[in-house]
Amino acid sequence: MPLISHTPAWKSLEQLWDRTAGLRMRDLFEEDPGRCERFSLEECGIHLDYSKNLITDETMQHLMALVRTADLRFWGDSLLRGDKVNNTEGRAVLHMALRNVGDRSYQVDGVDVMPGVRAVLKRMRAFADEVRQGRWLGHTGRPIRDVVSIGIGGSSLGPKMVCNALRPYQSHDLRVHFVSNVDGTQLVETLNGLDPATTLFVIASKTFTTQETSTNADSARAWCLAALQDQAAIARHFVAVSTNREAVIRFGIDPQNMFEFWEWVGGRYSLWSAIGLPIALAIGPDRFDELLAGAYAMDEHFVEAPPERNMPIILALLGIWYNNFGGADTQAVIPYDQYLEHFPTFLQQLDMESNGKRVTRDGVPVDYATGAVVWGQPGTDAQHSFFQLIHQGTRLIPTDFILPLRSQHPLEGHHDKLVANCLAQAQALMRGRTEAEARSELQAGGIAPEVIDRLVPHRTFPGNRPSNMLLVEQVTPKVLGSLIALYEHKVFVQGVVWGVDSFDQWGVELGKQLAGQILADFREIACSAGVDSSTASLIRRYHMAMSD
Ligand code: F6P
């Protein structure tokens, strides 16, 4: 397979970008009253308005040709068949099986995975009910009041984001906390004020060898034992979620208290598996099922809808349009919903760990940009920090707005303002403010002509800055499931077009290895041979600080 950049479909997109560089979105809207309707789509409770993009029908046709050239259909079928799509790790990628509430069959090496998936879901349901209904008792016979999930990366970011997003659906007598960082501060601050007799730890780690998680889990166990003074307490206060049964047993967790998942579940795609146990504990198993059902609905849409009406494909191609042809380096994601505050961070791992790759799945270096830098934070706060650069800076920053139409907290006057601000940002990015408009506004304010001349360049907005608007009625478990699956499939489509393995993450390994060597140097109070002078000097400084 040649690099995608060497195909006619790619070349014609390059030419198209140059040819359409002069297009003004303002004009496109004025010329075509049907633009919004034509470039909008409604699926799984999500209304996507992508009309405020630098596109015409021709652009979309060329982008669709690109996705056909990349043979998305072949890769989609491979994924569904359980082929080893993650070729550098020799693994199938079947997170869709985890939320398969329909009757699709998913197999790995000829074995149906669905009975195992359903059995674990059933155990999760029973356990979540026991804890939530106060029937799972701690070592001293008291019900659980706090759950502390210890995990990192994919074993934390998804559940943490979902628990926060669905806080209105949580029970008030069970609080769920997340500890991921090996910085002891996070564990200490989280445990501060918690009672070991009513605290349950969920140790979530696919490999059960991750340094941060093991370290936090060891300290949590010490905290628990210091208070409860009995090794038998571990069985009532620690459960594990992992694929590594031996390591779980070695840690001292009863395998009866282990919820398994499988190597074909990638970390950043694992919130639908037992890694979602903190979610089931927080919102209850019925609502967890709704989350799965939402993702399933999006899976079905992705698998069945033609590319031209396929929401993940459209989002993926728009991203590629700016990333590869418009020179954009980043993608902003701005939820106008405080409960979605962790959504951009979750997407960072999903997108950047998946598509932050410099070689194709065959190991050939690419000569085009792959995964964008994903970033963002909730509006309206974002407006008062970095929106200046999005509006008037020198960079092109495509932006996704996510907006629930109904608030979970309809305080008088708040939601109108939130919605108005979100719509206004998208409008301002698209329209901008011309020099003439800036001038006439200043004139209307009675400003002196020489001051106007000075101010006009600063008060002019170029506009023509693209955004997608994703409207939902409200962020329910089902809608959230669909929203997450939408971005998962978007990332998959982009990975297929770029020809990369979106399901490995070798790029995080080197740092882990070197940290191990440096840690050994700390223990020896020495410095390994061959260490560069900068690292050696930093190690010596740490030795000195520790010996003070
Ligand atoms: O650091 C990268 C990573 O391997 C992620 O992909 C993964 O989600 C995370 O670490 C945690 O790994 P584990 O679940 O095995 O502890």
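How many nonpolar, polar and charged residues make up the shell around the ligand? In this predicted model, the shell contains two nonpolar, nine polar and three charged residues. Altogether, 14 residues surround the ligand, and the closest are Gly154, Ser155, Ser205, Thr207 and Thr210. The site itself is the largest pocket, in which the ligand sits.

A polar backbone atom of Gly154 lies 2.6 Å from a ligand oxygen. In the case of Ser155, an N or O atom of the side chain is 2.6 Å from an oxygen atom of the ligand. Glu353 also contributes through its side chain, where an N or O atom is found 2.7 Å from a ligand oxygen. The protein buries 87% of the 390 Å² that the ligand exposes when taken alone.

The aromatic residues form a second topic. A pair of aromatic rings is described by the distance of the centres and the angle of the planes. The count comes to 24 aromatic pairs. One of them joins Phe74 and Trp75, with 5.1 Å from centre to centre and 85 degrees between the planes. This arrangement is edge-to-face, because the angle is over 60 degrees.

Are Phe74 and Trp75 buried, partly exposed or exposed? Phe74 counts as partly exposed because its relative accessibility is 40%, which falls between the limits of 20% and 50%. Trp75, at 21% relative accessibility, likewise counts as partly exposed, since buried means under 20%.

Elsewhere among the aromatic residues, one cluster is formed by Trp10, Trp17, Trp321, Tyr322, Phe325 and Tyr368.

Methods: Residues are numbered from 1 along each chain as its sequence is written. This is a predicted model: local features need pLDDT of at least 70, side-chain atom pairs count only at pLDDT 80 or more; totals for chains, interfaces and linings use all residues. Side-chain values use heavy atoms; hydrogens and water are left out. A residue is near a molecule or strand if one of its heavy atoms lies within 4 Å of it. A polar contact is a pair of N or O atoms within 3.5 Å; within protein, one must be able to donate a hydrogen and the other to accept it, and residues adjacent in sequence count only if both atoms are side-chain atoms. Accessible areas come from the Shrake-Rupley method with a 1.4 Å probe; for residues, only the protein chains shown count as cover. On a 1 Å grid over the protein atoms alone, a cavity is a set of points where a 1.4 Å probe fits but cannot get out, and a pocket is an open set with protein on both sides within 12 Å along at least five of seven lines; lining residues have an atom within 4 Å of a point. A molecule sits in a cavity or pocket if more than half of its atoms lie within 2 Å of its grid points. Ala, Val, Leu, Ile, Met, Phe, Trp, Tyr, Cys and Pro count as nonpolar, Asp, Glu, Lys and Arg as charged, and the others, Gly among them, as polar. Rings of Phe, Tyr and Trp (its six-membered ring) pair if their centres lie within 6.5 Å; planes under 30 degrees apart count as stacked, over 60 as edge-to-face and the rest as tilted. Buried means under 20% relative accessible area, exposed over 50%, partly exposed in between (1.4 Å probe, protein chains only).
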